[in-house]
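User: I would like to learn how to read some features of a protein model, starting with strand pairing. Please give the general idea each time, then the case at hand.

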Amino acid sequence: MFAADVWNNIRVKAGIQNFSTWDDIVMGLASNAHKRSIQSIIARLLLAASTYLIWKERNDRFHNMSILTKRESLWVSWNYDNKLKGCSFWDIPVPNNCSWGWRKLLQLRPSIRSHIWSKVGNGVNTSAWFDRWADICPICNLVSPRDIRMAGFSLNASIADIISNGVWLWPDAWYDLFPVLTNIHVLQLEPNKQDTLVWKGVDHNECTYSSSTAWDSIRSKEKLVPWYKLIWNAQCIPRHAFNMWLIMRNKLLTQDVILSWVPPRRKTMDMMCCSLCTADFDSHSHLFFECLFSTQVWFMVRDLADLHTVPLVWQQVIDVLLQHASSKLPINVIRRLLVAAVAYVMWQERNNRMFGNQSRPPDILCKEILHTVRSKLMGLTFKKTDCVSSLLDRWEVHGESLFKRFT
Ligand SMILES: [Zn+2]
């Protein structure tokens with residue numbers, strides 16, 4: 001149903017709404033495979049993208065929750081019979097000789113355990129000791145397996161096995177040994193309702209399970225940095241954005257960074273030489289923009305983004321961009337694109353010279369930078385004003401389609 005919903009939503013766009021089965025779709029596309037019309041290309045791309053995304057979504061959901069929900073499938077049954085062998089998924093140790101995939105699933109348990117809760121219905125499929133069905137759970141963290149067995153319970157006992165006539169069956173002595181148990185009220189079992197698993201986010205609110213909510217719950221979160229919008233925005237060029245992110249984190253592997261890993265006696269001054277100008281040390285601050293070569297390139301392009309008054313210091317360039325980090329005004333979009341493109345091309349050139357023995361003169365790099373930014377601008381839309389038209393003319397970007405959305 002999920003795949004059908006996805007496909008139904010996009011197949012009209014692909015122009016193949018009349019095909020209902022996989023064979024029909026494939027045969028239909030195969031008959032047009034030789035055509036290079038836009039419609040036929042879009043249909044092929046949409047089919048490939050849909051199948052990929054549906055398969056990815058299926059895998060994300062499949063592995064995380066299938067075992068815990070005991071989904072009816074050969075894979076789940078096989079794992080229950082051969083790997084779990086009657087034990088709880090939460091309780092088994094990581095074997096030394098298991099497959100990579102199974103090891104990863106088991107290693108994920110500490111990260112996800114606090115988020116997976118059992119909603120108890122009849123209590124038959126919820127482990128009394130290992131599942132999380134109350135705030136203090138899992139109870140195995142309080143009561144040892146030895147105590148559980150000595151009280152006459154099985155380690156596989158379900159909630160239904162430890163409640164009778166509306167009272168807990170565990171011994172009264174446990175309340176003295178583990179006083180926190182007094183906080184657990186006896187659950188009202190509902191014979192006709194199955195137990196279900198739910199995902200609780202970081203705020204302990206129940207939410208619909210998806211790979212994105214799961215990832216958002218378990219990922220480490222840091223304080224937002226003020227410059228993130230300069231880099232990660234809708235108009236960014238992904239490879240440039242990634243390079244900018246490395247620069248902002250001071251993580252480009254310039255030679256000063258590499259040399260910090262090398263023992264002092266093995267350091268040589270030759271290793272520190274900049275491959276662009278060969279006149280100074282290779283470092284972040286040198287590349288952007290103390291280096292004579294990169295300065296030369298920067299001078300050739302900065303006027304197009306009205307950045308000629310900004311001092312030749314990376315942080316000062318970033319400070320100017322930060323003043324309008326969220327702005328969608330064309331000039332600010334262009335500034336962000338241009339700085340990222342210059343940084344990317346300079347880093348690429350530095351690497352080409354250092355590792356590929358290839359070099360290009362500044363004017364060629366300038367052309368590449370402008371071409372990249374121009375190509376990106378041609379894919380954007382703008383509000384038509386005299387000022388914007390003039391700016392785009394300066395970039396030699398023309399065409400009414402640029403303003404289509406707003407006219
Ligand atoms: Zn240099």
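User: Which residue of strand 4 does S118 stand opposite?

Analyst: In general, strands of a sheet pair through backbone hydrogen bonds, either parallel or antiparallel. In this predicted model, S118 stands opposite L197 of strand 4. Strand 1 and strand 4 are joined in the antiparallel sense, over four bridges.

User: How many bridges join strand 4 to strand 5?

Analyst: Two bridges link strand 4, residues 196–200, to strand 5, and these strands run antiparallel. W199 has C207 of strand 5 as its bridge partner.

User: In what order do the three strands lie in the sheet?

Analyst: The order is 1-4-5, in an open sheet with antiparallel pairing. Strand 1 (116–119) and strand 5 (206–207) are at the edges with a single partner strand each, so one side of each has no neighbour in the sheet. The protein has 18 helices and five strands in its secondary structure.

User: Which residue takes a positive phi in the hairpin of strand 4 and strand 5?

Analyst: Most residues other than glycine have a negative phi, and most peptide bonds are trans. In this hairpin, with five residues between the strands, H204 takes a positive phi near 65 degrees. H204 is not a glycine, and its place is in the loop between strand 4 and strand 5.

User: Is H204 buried or exposed?

Analyst: H204 counts as exposed because it has 10 C-beta neighbours inside 10 Å, and the cut-off for exposed is 12 or fewer.

User: Where is T278 found, and what is its phi?

Analyst: T278 is in the loop between helix 12 (255–259) and helix 13. Its phi is near 50 degrees, a positive value in a residue other than glycine. T278 is exposed, with 12 other C-beta atoms within 10 Å.

User: Now the peptide bonds. Which bond is cis with omega near 5 degrees, and which is cis with omega near -5 degrees?

Analyst: The bond from C137 to P138 is cis with omega near 5 degrees. P138 lies in the loop between strand 1 and helix 7 (145–150). The bond from F288 to F289 is cis with omega near -5 degrees, and F289 lies in helix 13, residues 284–290.

User: Why does A214 count as buried?

Analyst: A214 counts as buried because it has 22 C-beta neighbours inside 10 Å, where the cut-off is 20 or more. A214 belongs to helix 9, residues 211–218. Its C-alpha atom is separated by 8.4 Å from that of H115, although these residues are 99 apart along the chain. For the protein, buried residues make up 21% of the 407 residues. Of the contacts with a separation of 6 or more, 56% are between residues 24 or more positions apart.

User: At what angle do helix 14 and helix 17 pack?

Analyst: Helix 14 (residues 292–301) packs against helix 17 (residues 362–378) at about 50 degrees, and their axes are 9 Å apart. The two helices are therefore oblique to each other. Their crossing is right-handed.

User: Which residues make the contact?

Analyst: Helix 14 contributes F293, Q296, V297, M300 and V301, and helix 17 contributes P362, L365, C366, I369 and L370. These residues divide into nine nonpolar, one polar and no charged.

Terms used. Residues are numbered from 1 along each chain as its sequence is written. This is a predicted model: local features need pLDDT of at least 70, side-chain atom pairs count only at pLDDT 80 or more; totals for chains, interfaces and linings use all residues. Two strands pair if DSSP finds at least two bridges between them. Two residues are in contact if their C-beta atoms, placed from the backbone, lie within 7 Å. Axes are lines fitted to C-alpha atoms, for helices over the stretch in contact, and angles run from 0 to 180 degrees between N-to-C directions. Angles under 35 degrees count as roughly parallel, over 145 as roughly antiparallel, 65 to 115 as roughly perpendicular and the rest as oblique. A crossing is left-handed if the near helix is turned anticlockwise from the far one by less than a right angle, and right-handed if clockwise. Ala, Val, Leu, Ile, Met, Phe, Trp, Tyr, Cys and Pro count as nonpolar, Asp, Glu, Lys and Arg as charged, and the others, Gly among them, as polar.
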